[in-house]
Amino acid sequence: MKARIISPRPILCLLVLALLLPALPCPAVTKTWNGSSSSDWFDGNNWDGGLPVAGDTAIITSAGVPVILTNSTPYLDSLTIDNQTLVF
């Protein structure tokens with residue numbers, strides 16, 4: 001019976017793929033401010049879709065509901081503000 005030689009190519013391809021996948025960027029998620037709980041940016045109940053994280057798109061359009069931003073606000077992909085008051 002002949003001995004089978006296994007090519008290292010498939011294993012190498014899987015290894016390279018496993019190393020590259022974590023480096024791929026994740027698409028931004030859109031989060032919309034509703035201000036239903038408070039004016040605190042970091043209260044997840046104030047956002048439709050949950051608290052924005054780095055890379056997300058934040059939309060703030062709820063008139064009459066202030067938003068308090070701090071120097072800890074995540075680096076967003078974009079921030080849209082319409083008919084709103086910001087407190088820094």
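**Strand pairing and a surface patch in a predicted model**

Biologist: In which sense do strand E1 and strand E3 pair?

Modeller: In this predicted model, strand E1 covers residues 30-33 and strand E3 covers residues 57-60. Three bridges join E1 and E3, and the sense of their pairing is parallel.

Biologist: Which strands are the edge strands of the open sheet?

Modeller: The open sheet has four strands with mixed pairing, in the order E2-E1-E3-E5. An edge strand here pairs on one side only, and this holds for strand E2 (47-48) and strand E5 (78-81).

Biologist: Which residue in E3 is the bridge partner of Thr 30?

Modeller: Strands of a sheet pair through backbone hydrogen bonds, either parallel or antiparallel. For Thr 30, the bridge partner lies in E3 and is Thr 57.

Biologist: Is Thr 57 buried or exposed?

Modeller: Thr 57 belongs to strand E3, and, leaving aside its neighbours within four places in sequence, it is in contact with Ala 28, Val 29, Thr 30, Lys 31, Asp 77 and Ser 78. Its relative accessible area is 13%. Because buried means under 20% relative accessible area, Thr 57 counts as buried.

Biologist: How does Leu 15 count at 49% relative accessibility, and what is the accessible area of the nonpolar patch that includes Leu 15?

Modeller: Leu 15 lies in helix H1, which spans residues 9-20. Because exposed means over 50%, Leu 15 at 49% relative accessibility counts as partly exposed. Together with Leu 12, Val 16, Leu 19 and Leu 20, Leu 15 forms a nonpolar patch on the surface, whose accessible area is about 500 Å².

Note on methods: Residues numbered from 1 in each chain as written. Predicted model: local features only at pLDDT ≥ 70, side-chain atom pairs only at ≥ 80, totals over all residues. Heavy atoms only, no water. Patch = residues over 30% accessible without salt bridge, like charges linked within 9 Å, V, L, I, M, F, W, Y side chains within 5 Å. Areas by Shrake-Rupley, 256 points an atom, 1.4 Å probe, with all protein chains shown as cover. Salt bridge = Lys/Arg side-chain N within 4 Å of Asp/Glu carboxyl O. Helix = DSSP H or I, 4+ residues; strand = E, 2+ residues; numbered from the N terminus. Buried < 20%, exposed > 50% of the residue type's maximum accessible area, 1.4 Å probe, protein only. Pairing = 2+ DSSP bridges. Contact = heavy atoms within 4.5 Å.
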